[in-house]
Amino acid sequence: MAEVAISGVRKNFGSTAILHGVDISVADGEFAVLVGPSGCGKSTLLRMIAGLENISSGEIAIGGRVVNNVAPKERDIAMVFQNYALYPHMTVRENMAFSLSLAKAPAAVVTAKVGRAAGILGLDQLLDRYPRQLSGGQRQRVAMGRAIVRDPQVFLFDEPLSNLDAKLRVQMRGEIKDLHQRLRTTTIYVTHDQIEAMTMADKIVVMQGGRVEQIGAPLDLYDRPANLFVAGFIGSPAMNVLPGVVRAGACFVGDVRLPLPAGLGREGMSVSYGIRPEHWRLDDAGVAAIVRLVEPTGSETQVTAELAGVKIIGAFRERVSARPGETIHIAPDLGHVHLFSRDTGLRL
Amino acid sequence: MDHTQALAWTPPRVQPSWLARLLDWKPALVAICLAPALGLLLVFLTYPLGLGIYMSFTDTQLGKPGIWVGLENFEYLLTDRVFLNAVWFTIFYTAAATIGKFALGLWLALLLNQHIPFKSLIRAIILLPWITPTVLSAIAFWWIYDPQFSIISYVVVDVLHLRSKYFDFIGSPWPARWSLIAANVWRGIPFVAISLLAGLQTISPSLYEAAMLDGATSWQRFRRITAPLLMPILAVVLTFSVLFTFADFQLVYAITRGGPINSTHLMATLAFQRGIPGAALGEGAAIAVAMIPFLVVATLFSYFAIGNRKWQQGGSDE
């Protein structure tokens with residue numbers, strides 16, 4: 001077990017800068033998720049922690065030891081790859097025992113450790129199979145088993161669920177989280193799926209374009225996104241963002257007046273008015289929006305509508321009977337209004 | 001046609017022609033597709049092979065149809081020192097050249113699998129020995145091995161002064177044998193190197209990364225990851241290489257013609273020598289037929305001994 005400290009880390013491939021100075025600290029036993037769109041540098045950062053890419057500048061420390069120049073095998077980490085990287089010519093048992101056999105561990109140790117990992121992951125019946133004979137979820141478990149056998153200080157996961165179908169992904173998500181709760185090993189998990197990040201993480205690191213946008217607990221990020229990017233990235237369906245101007249203590253989007261909590265925004269300021277779909281409510285005194293699409297999911301109804309020419313989405317607990325083309329009246333929940341500067345994109 | 005009519009247009013039903021209907025009928029399609037290949041195989045492979053096997057049991061001579069003599073040709077060959085020598089040298093030639101080709105070819109493939117500048121150019125250059133017609137490269141080697149004009153002798157004796165006498169490459173049996181093996185290795189390396197390189201590139205880099213994290217040194221990565229994963233393609237390449245080398249004719253015939261004193265005859269060159277210039281078609285055919293069991297054994301060995309792996313069975317990769 002160990003904490004991981006990343007400070008001022010940069011990465012260049014030739015003249016292209018991939019990471020522009022990243023600072024992240026992951027506490028001992030924490031489950032940290034690096035999330036961001038493709039090409040944001042999250043996988044590169046993970047590979048740098050693993051030692052598979054060298055560090056252009058800055059410092060990475062695992063358990064207080066700077067590992068910039070430490071070989072991957074000396075870092076005491078285990079990694080689960082996106083394609084699992086199981087050795088196709090070895091059985092499940094041999095795959096899991098590979099690191100031990102390289103370290104010339106006695107047979108009793110190998111049996112014990114492989115047996116324990118197989119027990120944790122429910123792989124006991126599959127130990128003599130080859131990777132080709134396994135399903136996607138089973139391969140995923142073997143890859144985790146290979147990591148567990150090594151008792152590492154840190155687990156690294158590189159988009160481990162992206163090759164699985166939707167149902168299995170939800171199941172494995174639960175299994176990985178459960179595994180972490182049992183083993184309490186520091187874990188760094190990379191994904192582009194914000195739902196995975198929200199459901200699994202103790203701490204989420206949102207990245208974009210080689211920079212950290214925000215670090216925080218899942219619900220903190222959801223409730224108080226630091227900027228427009230995080231606001232749009234976290235949450236599904238995404239937060240509604242309406243361009244407006246602050247006048248007389250309210251936000252005007254075109255002619256439509258949206259209320260603001262007291263003290264938010266300066267007079268005449270150009271802002272982006274953010275409100276999550278579930279924070280609209282049906283209110284006869286609210287603003288008018290023209291319904292474009294109604295999607296009942298059973299537990300709630302998602303309504304796509306047009307408000308002052310801007311497309312918005314609302315999610316309502318009530319059954320909405322409006323038909324496309326009709327007008328509904330909605331009002332934002334004042335306690336959940338987010339206001340961002342239109343110039344900087346930062347939260348006000 | 002106005003706009004509404006245009007939108008409501010549906011394609012008319014067309015009765016397919018007799019040809020289209022014939023090609024849609026599976027047995028006919030199978031027959032049509034197989035006919036050219038089957039015809040070529042029958043005319044250029046089955047017929048000559050059958051004729052060769054038949055002739056090996058006759059005493060056919062050039063210009064004189066023979067009579068059936070049963071196993072007489074083979075009985076004679078078993079007592080013929082030149083033939084036995086050719087069998088021995090063919091096996092030795094195949095073994096030595098294959099070992100050389102695979103050692104150097106694998107080494108080259110591993111080098112080319114690294115990130116090096118001008119990789120594709122180097123790859124193209126490496127293929128040169130293979131795409132040169134064999135007879136051309138054989139003639140080049142004939143010059144390289146010439147007792148008087150050899151460039152190797154010139155460099156070693158006249159330029160570097162390391163030796164006082166020119167090399168005698170193909171004038172006496174053992175140097176001639178090794179010289180031929182060297183020429184064959186040179187010619188065979190590209191095929192092995194490019195095939196193995198293709199095999200190496202199918203191995204996912206993440207396997208090496210995983211092994212690196214598991215603590216494997218570069219030698220362990222080669223021995224425990226690369227080598228076993230390369231085995232299936234190695235088996236195929238090895239089979240082909242052994243077959244081509246065992247049946248080699250051009251290099252030897254162009255450089256030494258089996259000499260000196262029949263010491264470098266391969267079974268193929270001896271078969272030709274006896275059958276065409278020597279006019280003993282039956283005996284030449286018998287020598288050629290005698291190669292078949294060796295080829296079958298070599299193929300079966302490399303196919304079953306190293307080709308088929310349990311881990312390749314069942315399921316898919318993804």
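Is A32(A) buried or exposed? I looked it up in this predicted model, where local features need pLDDT of at least 70, side-chain atom pairs count only at pLDDT 80 or more, and totals for chains, interfaces and linings use all residues. Residues are numbered from 1 along each chain as its sequence is written, and chains are lettered from A and ligands numbered from 1 in the order in which they are written.

**Entry: A32(A)**
I found A32(A) buried, because 23 other C-beta atoms lie within 10 Å. My cut-offs: 20 or more other C-beta atoms within 10 Å of its own is buried, 12 or fewer is exposed, in between is partly exposed, with C-beta atoms placed from the backbone. A32(A) sits in strand β3 (residues 31-35) of chain A. Strands (E, at least two residues) and helices (H or I, at least four) are DSSP runs, numbered from the N terminus.

I then checked contacts (C-beta atoms, placed from the backbone, within 7 Å). Leaving aside neighbours within four places in sequence, A32(A) touches V26(A), T187(A), I188(A), Y189(A), A201(A), D202(A), K203(A) and V205(A). A201(A) is 169 residues from A32(A) in sequence, yet their C-alpha atoms are 5.5 Å apart.

**Entry: helix α1(A)**
I went on to α1 (residues 42-50) of chain A. Seven of its nine residues are buried, so the helix is largely enclosed by the rest of the structure. I listed them as K42(A), S43(A), L45(A), L46(A), M48(A), I49(A) and A50(A). G51(A) follows α1(A) and has a positive phi, near 95°.

**Entry: chains A and B**
I noted 20 residues of chain A in contact with 20 residues of chain B. On the chain A side, β6 (77-80) and α2 (92-102) each supply at least two residues.

How values were computed
Contact = placed C-beta atoms within 7 Å.
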